[in-house]
Amino acid sequence: MYSDVEAAARNGSDHLPSSGGKLIMSADDMRRALTRIAHEIIEHNRGVRQLVLVGMRTRGVPIARRLAERLDEFEGVQVPVGELDITLYRDDIGLRAVQPMVGSTAIPVDVSDKIIVLVDDVLFTGRSVRAALDALIDYGRPRAIQLAVLVDRGHRELPIRPDYVGKNVPTSQTEDVAVRLRETDGQDGVEIVSREVRA
Amino acid sequence: MTAAIKSQGPAVKAHSARNGQGHAAAEVDPDGLQPAGLPAPAPGPRRHCLDLDDYSAEEIRQVLDTADAMKEILARPVKKAPGLRGRMVVNCFYEASTRTRVSFEVAAKNLSADVVNFSAGGSSVEKGESLIDTARTLVALGANVIVIRHSMAGAPHVVARNAGAAVINAGDGRHAHPSQALLDLYTIRERLGGLAGLRVAIVGDVLHSRVARSNIHGLTRMGAEVILCGPATLLPVNLQLAGMRFEHDLDAILPQADVVMPLRIQKERAEGGLIPSLREYRQRYGVTTERLRRMRPGALIMHPGPMNPGVEIDPEVATSPQSVIESQVSNGVAIRMALLYLLAGVAV
């Protein structure tokens with residue numbers, strides 16, 4: 001299921017476990033990982049023609065923008081960046097006490113025949129990505145959809161695998177991966193925090 | 001899952017539209033006057049939308065923000081998202097309606113809900129089945145949401161208290177029409193960038209208007225000033241809320257208003273002696289092209305429909321650049337998608 005951190009992040013809440021976790025990626029680690037992913041995207045697609053980056057709200061969006069900056073730097077092409085909210089595509093309708101807020105979606109170009117690189121901060125169960133695939137396909141018929149994530153923490157519940165990974169992090173189910181970004185949290189860094197026991 | 005809502009914790013079966021219990025003052029009231037002494041909004045997730053009087057500003061903002069996201073779906077080539085897949089919405093209309101019923105139906109279908117339209121004519125209501133029994137039957141058939149319009153004020157409250165479904169009031173007697181008021185708030189916010197500090201003139205038959213009543217609650221809650229303008233016979237003089245006042249001279253308030261909303265004047269009002277004649281009404285309170293020129297530049301003309309062209313509003317005014325009447329109708333779908341999404345998807 002969706003972790004609380006994932007849910008909080010997706011709802012734009014600034015509630016993240018405060019410090020006390022184990023730092024697994026520093027700001028420099030993140031910078032290098034994103035640079036490598038940008039190179040991998042270019043290599044894999046032999047350039048950036050027909051490419052569109054789509055960030056999954058909330059934290060996938062700034063990561064997608066950072067990748068776009070690097071693609072521009074390396075290839076001299078401004079790749080369009082969209083943002084996708086998956087709330088209406090989640091698979092837990094009717095299972096929640098309160099509906100999560102629906103965020104904005106903005107896909108700046110027609111996705112038909114484009115190569116979409118879907119970008120998220122943490123890949124966990126794969127349910128968010130499943131929802132995002134459904135959402136994207138409502139906008140048209142992309143030629144291909146690829147997946148880039150900053151952290152792959154395992155525990156997949158669906159047959160989904162990433163094409164580009166910043167860091168593979170083995171975690172336990174009782175831990176959360178907290179991604180902090182300058183744009184949303186004031187600083188860069190990834191931590192593992194053990195989940196508080198909730199009443 | 002905003003912080004405000006999340007912090008309200010688990011449902012407490014106690015009061016009001018949160019769960020349909022104890023809306024004590026809102027018994028069926030054929031006069032349709034505002035029930036006095038409504039309980040304060042109780043904690044717990046909201047289950048029903050019965051009027052705006054128990055919506056906080058934060059809750060109203062949440063509905064309007066959700067409608068923003070829904071509007072994006074309406075701009076897509078395929079206007080459909082699976083947000084309410086497998087949920088059943090029953091439109092239960094005991095009174096005639098075009099735009100509200102179609103709007104709710106379109107909204108539910110855009111979110112992939114199953115929609116059943118029920119109208120009292122041709123149903124067991126004609127055999128004397130009561131409102132409560134009808135509602136319970138609909139729930140037994142799988143309804144998750146009942147959208148109800150009824151000529152009796154308080155009917156949606158009765159259904160909310162007695163049937164295990166989310167209830168949305170689509171207009172009850174002279175009491176409330178919250179989805180219309182929300183789409184009006186949304187349209188104003190969209191055009192003028194906000195609601196706080198605006199001056200909204202609601203003109204005409206406020207006494208018999210559920211649209212006006214819900215708008216008064218919603219607008220004042222959001223910090224707008226409401227001027228109710230009309231002949232004394234058509235103003236609800238017993239209604240007093242902070243942020244609203246009565247006026248009788250339309251020409252005096254026109255240059256101050258950011259929004260002018262004439263209400264439909266029913267021909268029966270003249271026959272019933274509340275106004276001398278439709279012609280005289282038009283002279284004093286009709287929004288004519290002449291009066292349009294005296295409005296603030298950029299001020300909006302709104303109308304909840306259906307219109308009586310040439311009585312409360314001139315056809316040229318209704319189609320003028322300042323008129324947002326068509327936007328009101330299309331925004332209605334986004335607002336109703338937002339309401340359905342917020343109320344229909346939660347665990348019961």
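This is a predicted model: local features need pLDDT of at least 70, side-chain atom pairs count only at pLDDT 80 or more; totals for chains, interfaces and linings use all residues.
**A guided walk through the structure**

Residues are numbered from 1 along each chain as its sequence is written, chains are lettered from A and ligands numbered from 1 in the order written, and side-chain values use heavy atoms, without hydrogens or water.

Staying with A:Gln50, you will find this residue in the loop between helix H2 (27-45) and strand S2 of chain A (helices, H or I of at least four residues, and strands, E of at least two, are DSSP runs numbered from the N terminus). Its phi is positive, about 65°, although A:Gln50 is not a glycine. A:Asp113 is another non-glycine residue with a positive phi of about 65°. Look for A:Asp113 in the loop between strand S3 (81-84) and strand S4 (115-123) of chain A; with a relative accessible area of 47%, A:Asp113 is partly exposed.

In chain A, a cis peptide bond with omega about 5° links A:Arg57 to A:Thr58, and A:Thr58 belongs to the loop that runs between strand S2 (51-56) and helix H3 (60-75). In chain B, B:Gly305 and B:Pro306 are joined by a cis peptide bond with omega about -10°. B:Pro306 is in the loop between strand S9 (300-301) and helix H13 (315-318).

Now step back to take in chain B, which has 14 helices and nine strands. Of its 348 residues, 57% are buried. An automatic or database assignment divides chain B into domain 1 (46-176 + 332-344) and domain 2 (178-324). Their centres, taken over C-alpha atoms, are 26 Å apart. Where the domains meet, 32 residues of domain 1 and 24 residues of domain 2 take part in the contact (heavy atoms within 4.5 Å). Together, the two domains of chain B bury about 2300 Å², 60% of it on carbon and sulfur atoms (the accessible area lost on being put together, 1.4 Å probe, summed over both). On the domain 1 side, B:Leu52, B:Leu64 and B:Arg174 supply 28% of the area buried against domain 2, more than any other three residues.

Next, zoom in on B:Asn169, in strand S4 (166-172) of chain B. B:Asn169 counts as buried because its relative accessible area is 0%. Its side chain reaches the backbone oxygen of B:Leu50 at 2.9 Å. Beyond neighbours within four places in sequence, B:Asn169 touches several residues, including B:Cys49, B:Ile148 and B:Pro178.

Finally, which aromatic pair is tilted, with 40° between the planes? The search of the whole structure finds two aromatic pairs over all chains, and B:Tyr281 and B:Tyr285 form the tilted one, 5.6 Å centre to centre (pairs have centres within 6.5 Å; planes under 30 degrees apart are stacked, over 60 edge-to-face, the rest tilted). Both tyrosines lie in helix H11 (residues 278-285) of chain B, four residues apart, about one turn of the helix. B:Tyr281 is buried because its relative accessibility is 3%, and B:Tyr285 is buried at 3%.

Notes. Rings of Phe, Tyr and Trp (its six-membered ring) pair if their centres lie within 6.5 Å; planes under 30 degrees apart count as stacked, over 60 as edge-to-face and the rest as tilted. Buried means under 20% relative accessible area, exposed over 50%, partly exposed in between (1.4 Å probe, protein chains only). A polar contact is a pair of N or O atoms within 3.5 Å; within protein, one must be able to donate a hydrogen and the other to accept it, and residues adjacent in sequence count only if both atoms are side-chain atoms.
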